[in-house]
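Welcome, and thanks for taking a look at this one. Here is a short briefing to read alongside the model.

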Amino acid sequence: MAAMPHLERLTAALQRLPGVGARSAARMAYHLLQHDRAGAVELAQALLAAADHVRHCTLCHTLCEDEVCATCADPTRDPALLCVVETPGDQAALERTGTYRGRYFVLMGRLRPLDGIGPEAIGLQALLQRLQAEPPVRELIVATSFTADGEATAHVITQLARAAGVTVTRLARGVPVGSELEFVDLSTIAHALADRRPG
């Protein structure tokens with residue numbers, strides 16, 4: 001078969017998505033080009049628009065299209081209650097429960113020393129600045145995942161917050177060990193948030 005550099009580039013680009021290997025990426029590329037060219041163009045335009053317009057909130061680091069996200073701009077949220085999550089997906093999962101009325105800090109990852117991801121890569125210095133800013137944070141809820149890396153991240157955050165004089169709590173263990181918060185059912189997240197414990 002003749003070389004098709006554009007198809008190969010598309011397949012390689014699709015492999016950048018989590019959980020997508022070479023065969024899955026090729027299957028997606030063939031589907032888009034064979035059965036849904038309009039969808040392929042729409043996908044390309046949506047990706048370009050998102051890359052141009054979506055950025056990080058200057059306060060909590062979640063993804064948004066303005067300088068400050070809607071949650072941080074909401075005057076009804078409790079600024080003394082701060083929940084630390086790993087990803088915007090985790091934040092969205094907590095928001096869908098409808099039980100949390102504080103603010104967030106999104107790490108955009110978790111500590112993974114073996115992969116070279118240390119405290120500076122996930123914004124722990126920015127978190128410390130947030131804890132020391134006005135109005136003061138009364139309680140820091142650590143809502144990292146219950147994986148080994150998530151637990152290590154929670155431990156470092158707990159030490160950081162306690163040194164800053166902030167009360168630290170951790171989601172209750174209703175969330176299954178080894179799970180990603182984004183994929184846990186809403187009832188489990190709501191109970192874990194309600195039954196949080198000291199960190």
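Accessible areas here come from the Shrake-Rupley method with a 1.4 Å probe. On that basis, the protein exposes about 11,400 Å², and carbon and sulfur atoms supply 57% of it. Please keep in mind that this is a predicted model.

**Overall picture**

- The C-alpha trace spans about 65 × 35 × 35 Å along its principal axes.
- Eight helices and seven strands make up the secondary structure of the protein.
- Of the 199 residues, 40% count as buried.
- Among contacts with a separation of 6 or more, 57% come from residues 24 or more positions apart.
- The protein is divided into domain 1, covering 5-53, and domain 2, covering 56-170.
- The C-alpha centres of domain 1 and domain 2 lie 32 Å apart.

**Helix α1**

- Helix α1 runs over residues 5-14, and its buried residues are Leu-7, Thr-11 and Leu-14.
- Seen down the axis of α1, these buried residues fall within an arc of 65 degrees, so they line one face of the helix.
- As background, an α-helix has 3.6 residues a turn, so residues three or four places apart point the same way.
- The partner of this buried face is α2 (22-35), against which the buried residues of α1 pack.
- On the other side of α1, the exposed residues are Pro-5, His-6, Glu-8 and Arg-9.

- In helix α5 (residues 88-97), the buried positions are Gly-89, Asp-90, Gln-91, Ala-93, Leu-94 and Thr-97.
- Just after α5 comes Gly-98, which takes a positive phi of about 70 degrees.
- Helix α8 buries Thr-188, Ile-189, Ala-190, Ala-192 and Leu-193.
- The cover over these buried residues of α8 includes α5 and β5 (139-142).

**Around Cys-57**

- Cys-57 sits in the loop between β1 (55-56) and β2.
- Is Cys-57 buried or exposed? Cys-57 counts as buried because its relative accessibility is 1%, and the cut-off for buried is under 20%.
- Leaving aside neighbours within four places in sequence, Cys-57 is in contact with Thr-62, Cys-64, Glu-67, Val-68, Cys-69 and Cys-72.
- Cys-57 and Leu-107 are 50 residues apart in sequence, and their C-alpha atoms are 12 Å apart in space.

**A nonpolar surface patch**

- Val-54, Leu-63 and Met-108 form a nonpolar patch on the surface, and together they have about 220 Å² of accessible area.
- Leu-63 belongs to strand β2 (residues 63-64).
- With a relative accessible area of 46%, Leu-63 is partly exposed.

**Salt bridges**

- A search of the whole structure finds seven salt bridges.
- Side chains of opposite charge can pair when their charged atoms come close.
- Asp-74 and Arg-101 meet through their side chains in a salt bridge at 3.5 Å, N to O. Asp-74 is in the loop between α4 and β3 and Arg-101 in the loop between α5 and β4, so this pair ties together parts that are 27 residues apart in sequence. Arg-101 is partly exposed, at a relative accessible area of 41%.
- Arg-77 forms a salt bridge with Glu-95, and the closest N and O atoms are 2.7 Å apart. Because Arg-77 lies in the loop between α4 and β3 and Glu-95 in helix α5, the pair ties together parts that are 18 residues apart in sequence. Arg-77 is buried, with a relative accessible area of 4%, whereas Glu-95 counts as partly exposed at 27% relative accessibility.
- Arg-170 and Glu-151 also meet in a salt bridge between their side chains (3.5 Å, N to O). Arg-170 lies in strand β6 (residues 167-170) and Glu-151 in helix α7 (residues 148-163), so the pair ties together parts that are 19 residues apart in sequence. Arg-170 is buried at a relative accessible area of 3%, while Glu-151 is partly exposed at 26%.
- Glu-86, Arg-110 and Glu-180 are linked in a network of salt bridges.

Notes. Residues are numbered from 1 along each chain as its sequence is written. This is a predicted model: local features need pLDDT of at least 70, side-chain atom pairs count only at pLDDT 80 or more; totals for chains, interfaces and linings use all residues. Side-chain values use heavy atoms; hydrogens and water are left out. Patches are made of residues with over 30% relative accessible area and no salt bridge: like charges are joined within 9 Å, nonpolar side chains (Val, Leu, Ile, Met, Phe, Trp, Tyr) within 5 Å. A salt bridge is a side-chain nitrogen of Lys or Arg within 4 Å of a carboxyl oxygen of Asp or Glu. Helices (H or I, at least four residues) and strands (E, at least two) are DSSP runs, numbered from the N terminus. Buried means under 20% relative accessible area, exposed over 50%, partly exposed in between (1.4 Å probe, protein chains only). Domain bounds come from an automatic or database domain assignment. Contact means heavy atoms within 4.5 Å. The arc is that of the directions from the helix axis to the C-beta atoms.
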